[in-house]
Amino acid sequence: MDGFPILLSIVLAPIIGALIIILIPEKDEMVIKITAALATFVSLVLSLYAFITYDKSVGGLQFLQDFIWVERFGINLSFGVDGISLPLVLLTAIVIFTGVFASWDMKNRSKEFFVFLLVLVAGVFGVFVSRDLFWFYLFFEVAVIPMYVLIGVWGSTRKEYAAMKLTIYLLVGSAFALIGIIALYLYAKGQLGYGTFDIATLSTVNFDIAFQKFAFFLMMIGFGFLVPMWPLHTWSPDGHVAAPTAVSMLHAGVLMKLGGYGLIRAGVFLFPIGAKFWAPLIAVLCIVNVVYGAMVAMVQKDLKFVIGYSSVSHMGYVLLGIASMNYLSLDGAVAQMFAHGIMTALFFALVGNVYHKAHTREIAAFGGLAHQMPRVAAGFLIGGLASLGLPGLNNFVAEALIFLGSWRVEKILFGFLHFRVLSILAIFGVVVTAIYVLRVVQKVFFGPRNPKWDHLTDAKGVEMVPIVILVGVLLLFGIFPSLLIDTINVGIEPLVAKIAAAVEIGGIF
Amino acid sequence: MIQFAWLIPVLPIIAFAVIVFLTRRMQMVSALTAIVAMAGSLIIAIGVLVQVFSTNITIAEPVELVVRWLEVPGSLLIEAGVLIDPLSSVMLFVVTSIAFLIMIYSIGYMKGDPGFSVFFAYLSLFSTSMLGLVISNNYFLTFMFWELVGLSSYLLIGFYWNKDSASDASKKAFITNRVGDFGFMLGMFFLFLLFGTFNFQELSVAIPAFANKTLLTIVALLVFVGPIAKSAQFPLHVWLPDAMEGPTPVSALIHAATMVAAGVYLLARGFVLFESAKTALLIIAIIGGFSAVFAATIGLVQRDIKRILAFSTMSQLGYMVMAIGLGSITAGMFHLTTHAFFKALLFLGAGSVIHAVHTQDIFEMGGLAKKMKTTTWTFLIGSLSLAGIFPLAGFWSKDEILVTALNAGEIFGVPFLGPLFLTLGLLVAFMTAFYMFRLIFVAFFGSEQAGQEAHESPISMTFPLVILAVFAIFAGFIGTPFTDNGFAAWVYYGHPHLPEPNYFIMIFSTIVAFAGILFAWIIYGKKAISAEKLAVRFSAIHTLLYNKYYIDEAYQWFFDKVFLRIADGCRWFDRTIVDGIADGFGDGLREMGARLRFIQTGNLQNYALVIFAAVVIIALWLAVPVLGGI
């Protein structure tokens with residue numbers, strides 16, 4: 001497949017799918033769904049191909065493609081993936097493919113739904129494969145706008161409020177990032193003598209310490225909205241809850257990862273000194289994410305809110321991995337993004353399944369649901385076990401790497417607080433997680449049979465597609481982690497080298 | 001055979017997968033799949049055991065087989081590795097043989113249960129987890145299987161998940177163990193930080209050379225938190241009695257060969273760490289000794305046959321932990337081995353009784369000796385072995401612990417520790433004999449209950465009882481002070497300490513055990529002293545013991561009144577403060593817009609007025625220099 005534009009095809013496949021769906025009459029629902037499934041299947045197969053054939057012995061950016069766009073400003077449509085973005089491309093492909101099947105029962109204006117969904121995912125793919133910061137930003141906006149419509153039209157619980165909140169938060173965040181990107185562009189132009197948005201070229205520029213502090217701060221806030229970093233997080237549980245199933249899957253599974261990815265690619269990679277300065281702040285806030293997120297999840301009444309806050313908690317681990325800034329922890333951060341994406345997509349697919357049939361998500365209304373829905377119960381339990389970091393599932397490996405990495409940091413914050421105390425608190429998070437996950441599983445699925453829910457049917461046929469694929473991925477990378485970690489290693493290595501070369505300065509605390 | 005040792009944990013997981021994906025609807029095929037896989041593991045385990053003892057593989061020079069599992073260049077290398085030495089090979093044999101017998105027993109016990117196939121799948125998963133834990137060559141891998149043991153116990157304790165009590169118990173077991181794992185994980189990370197490896201062999205070289213003993217003590221105690229939970233030691237023992245909610249074969253498996261044994265095994269496996277931190281060792285011994293007495297006192301007054309056995313397990317594990325804390329992994333592991341056989345026997349016997357009379361309250365049983373001969377005989381053998389009556393298995397292993405206790409003073413250089421731990425040990429021995437024979441006199445020899453139609457259980461259930469009874473009698477002979485080249489010559493730390501016969505302890509412990517039995521007979525057999533009157537006389541103590549010192553209630557209170565309230569506070573803060581500020585910001589902007597809106601009146605005269613005013617102001621502004629005002 002030499003010369004085949006593989007990354008371009010990954011991005012274009014959903015867009016072409018969307019264009020075809022526009023031409024299909026609304027009443028042919030089945031044709032629309034099959035088209036959507038096929039379009040995402042193409043992306044999935046190509047992503048898998050790229051993931052498998054990526055040459056780890058060479059490393060760096062591969063599958064390169066360049067199209068000159070606006071030469072005067074140095075904006076090019078240029079694609080390429082490395083060990084950091086490749087797993088996230090694969091993640092996106094898996095989540096959207098399973099997401100289409102999780103939306104198989106979409107009846108209300110399904111044509112428009114799938115069009116928006118496919119455009120959204122094209123934007124997400126675009127972010128991960130862009131080597132050009134301008135396009136990186138542009139693709140991000142492409143992903144956000146359909147989200148507004150998808151939640152506003154097809155959502156539930158306070159959907160207008162949630163859609164507005166989510167969009168405004170994300171746009172405010174991206175505004176910070178945009179200022180950072182423009183400042184970066186201008187600074188680099190002054191140094192290089194010509195303007196460019198190419199990330200690899202930008203990373204060769206010697207930014208002075210003051211600028212790094214300033215620019216990293218903007219990136220931290222901008223992408224911090226997305227991750228979401230406490231206290232910029234409240235859009236995400238509301239958004240999760242309001243969004244329709246497939247959008248929740250994409251939203252929690254992939255969209256939040258844009259934040260972590262942006263923070264690594266446009267933050268730590270370009271401004272390692274700035275990152276060293278701000279890392280203690282991220283570290284402190286991420287512990288709030290982890291512990292506080294888990295505590296809030298414990299007392300939620302709506303099933304989706306539990307998962308929403310659990311995402312806040314789990315993304316805290318990603319931030320801890322980034323803030324610890326060493327090989328193990330950054331490896332873990334990327335692995336955690338992948339693992340959390342798969343796990344949370346599984347959760348939302350299952351909750352969507354239950355909600356669609358029972359028309360409620362209130363935990364107290366359920367009980368003994370495993371009698372009627374044994375497969376859903378099994379899937380949910382596996383998702384829960386992944387969530388609480390059970391060995392044998394992907395999340396354990398990611399969290400263990402983050403913990404091991406953060407454990408090595410010898411910083412002292414505020415003059416007395418050893419960084420390891422933060423690690424211990426983060427590790428304590430897994431105890432709290434175990435408590436709330438097992439409580440929810442018990443309250444919803446275990447206990448005597450409740451005849452009220454006898455009309456519910458278990459997941460079957462098409463509904464099993466997301467469950468089987470997502471559980472399979474969790475197990476595969478849990479039992480054979482090097483399949484994933486070896487690729488991530490290749491991506492993190494140059495990043496670690498850059499961090500090591502950066503001047504050591506004191507942190508903010 | 002050693003090159004196939006990795007198959008020992010792998011075969012049961014294959015059985016698990018086959019049952020879950022293929023044979024779930026065919027009950028007998030599922031059971032056979034699990035049993036055949038387990039038999040395969042057992043045969044390999046026996047082969048490994050024989051080879052280890054015939055080729056002089058010692059704990060200092062074990063055999064390792066490794067494959068790369070997870071690597072981060074220059075930072076981390078975790079291997080999926082197998083470690084074969086006398087310690088692991090003995091444990092592999094114990095686990096596989098008992099799991100095998102329990103599976104056979106389960107065919108009869110679980111007959112007709114709708115979850116029959118799943119039960120065998122879970123048993124296989126449990127076996128894999130435990131065998132993996134035993135065989136792995138590094139802390140990280142051990143920790144992974146350690147957690148999987150937690151998962152398996154969660155699934156099996158909650159096997160009757162439609163009962164709230166069962167799902168509560170399974171959740172409690174998992175969470176309590178999670179607390180333990182938290183400590184274990186921290187300790188393990190410290191080890192990696194200090195020594196850069198998880199490998200047991202590499203650590204056994206590196207740890208003794210490490211100078212900072214205070215740090216080692218902290219690390220050792222953190223690792224020990226894991227066994228506290230897993231081996232049900234005070235104060236993380238609360239899950240164990242509730243774990244009786246699982247089907248009885250599961251209780252047998254948890255209490256004999258898997259799960260609780262894992263904690264003691266880890267102490268033995270990682271002994272170099274504890275040995276290097278004497279303070280930690282002493283704390284381990286104290287917690288073990290305390291748990292042994294604590295649980296035995298609770299066991300004195302329980303009415304539920306399985307609960308009596310549960311507290312007996314906790315007490316016996318305390319014994320083993322104490323032995324290891326006093327520096328003898330030989331005594332601890334020896335008792336673990338013999339205990340595994342007679343405790344499995346007792347639980348399966350209890351299961352046979354419950355199967356027959358459909359109650360677990362010993363005071364609702366009685367006269368079973370006439371109706372269930374095999375069960376009664378084997379149960380009696382198990383109880384005598386547990387009580388430590390010569391020459392049954394429990395006698396030899398308990399004696400070795402008592403001898404270790406007697407010598408405790410020398411290890412720590414504090415002379416009074418020896419008599420202290422010996423007294424604790426003898427006290428436990430007395431109480432053990434008492435509560436076991438209380439059970440026997442009430443349930444098996446008491447007056448028959450009217451209307452109770454008890455029958456002997458089917459052969460698939462009695463056959464394992466007989467086999468285990470044989471072990472309960474003879475297993476001790478591998479390690480008596482009169483055995484040459486026995487247990488102590490193989491399973492030891494540093495140098496083997498071959499036991500010397502200590503006739504004083506042998507005679508004294510036998511007297512104590514008989515005293516316990518006699519006392520039980522006086523109260524419950526001959527009824528010379530009324531048990532009811534005693535209970536009334538000492539009602540405060542009785543209530544305290546019966547309610548397990550109210551520790552569960554204290555934890556529940558803490559969870560409900562402290563933990564959940566904090567969580568509620570966080571929720572309130574998130575919705576009211578964090579979100580309030582964000583929403584307030586939005587509302588503020590909207591409010592501002594709403595005010596500004598009134599400027600846009602649409603009235604042309606107003607606009608003209610504003611324009612005119614603006615023009616005047618600008619004109620004046622421009623005119624200032626001309627007019628020379630300033």
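Two residues are taken to be in contact if their C-beta atoms, placed from the backbone, lie within 7 Å. Helices (H or I, at least four residues) and strands (E, at least two) are DSSP runs, numbered from the N terminus. The structure is a predicted model, in which local features need pLDDT of at least 70 and side-chain atom pairs count only at pLDDT 80 or more, whereas totals for chains, interfaces and linings use all residues. Residues are numbered from 1 along each chain as its sequence is written, and chains are lettered from A and ligands numbered from 1 in the order in which they are written.

Chain B comprises 26 helices and two strands, and its C-alpha trace spans about 125 × 65 × 60 Å along the principal axes. Of the 630 residues in chain B, 55% are buried; a residue is buried if 20 or more other C-beta atoms lie within 10 Å of its own, exposed if 12 or fewer, and partly exposed in between, with C-beta atoms placed from the backbone. Among contacts in chain B with a separation of 6 or more, 79% involve residues 24 or more positions apart.

Helix 10 of chain B (residues 248–257) is mostly covered, with 10 of its 10 residues buried. The buried residues of this helix include Thr248(B), Pro249(B), His255(B) and Ala257(B). Their cover includes helix 3 (86–109), helix 4 (116–135), helix 5 (139–157), helix 11 (260–269), helix 14 (305–325) and helix 15 (329–357) of chain B. Met259(B), which follows helix 10 of chain B, has a positive phi near 55°.

Strand 1 (residues 63–72) and strand 2 (residues 76–84) of chain B run antiparallel and are joined by nine bridges; two strands pair if DSSP finds at least two bridges between them. Val63(B) has Ile84(B) in strand 2 of chain B as its bridge partner. The two strands form a hairpin with three residues between them, and Gly74(B) in the turn has a positive phi of about 80°.

In chain A, helix 9 (residues 235–242) has eight of its eight residues buried, so it is largely enclosed by the rest of the structure. Trp235(A), Asp238(A) and His240(A) are among the buried residues of helix 9 of chain A. These buried residues pack against helix 5 (133–154), helix 6 (159–192), helix 10 and helix 12 (303–324) of chain A.

Arg265(A) lies in helix 10 (residues 245–268) of chain A and counts as buried, with 25 C-beta neighbours inside 10 Å. Apart from neighbours within four places in sequence, Arg265(A) is in contact with Ile84(A) and Ile199(A). Ser85(A), 180 residues away along the chain, has its C-alpha atom 9.2 Å from that of Arg265(A). Val144(A), located in helix 5 of chain A, is also counted as buried, with 20 C-beta neighbours inside 10 Å. Beyond four places in sequence, Val144(A) is in contact with Thr167(A), Leu170(A) and Leu171(A). By contrast, Val144(A) and Leu192(A) are 33 Å apart from C-alpha to C-alpha, at a sequence separation of 48 residues.

Helix 2 (residues 29–53) and helix 4 (residues 110–129) of chain A have axes that come within 10 Å and cross at roughly 10°; axes are lines fitted to C-alpha atoms, for helices over the stretch in contact, and angles run from 0 to 180 degrees between N-to-C directions. Helix 2 of chain A is therefore roughly parallel to helix 4 of chain A, where angles under 35 degrees count as roughly parallel, over 145 as roughly antiparallel, 65 to 115 as roughly perpendicular and the rest as oblique. Residues making the contact include Glu29(A) and Ile32(A) of helix 2 and Lys111(A) and Phe114(A) of helix 4 of chain A.

Helix 12 and helix 17 of chain A pack at an angle of about 160°, with their axes 12 Å apart, and are therefore roughly antiparallel to each other. Among the residues that meet are Tyr317(A) of helix 12 and Tyr436(A) of helix 17 of chain A.

The contact between the chains takes 37 residues from chain A and 37 residues from chain B. On the side of chain A that touches chain B, helix 11 (272–298), helix 13 (327–358), helix 16 (394–407), helix 17 (419–445) and helix 19 (482–501) each supply at least two residues. Helix 17 of chain A gives the most, with eight residues.
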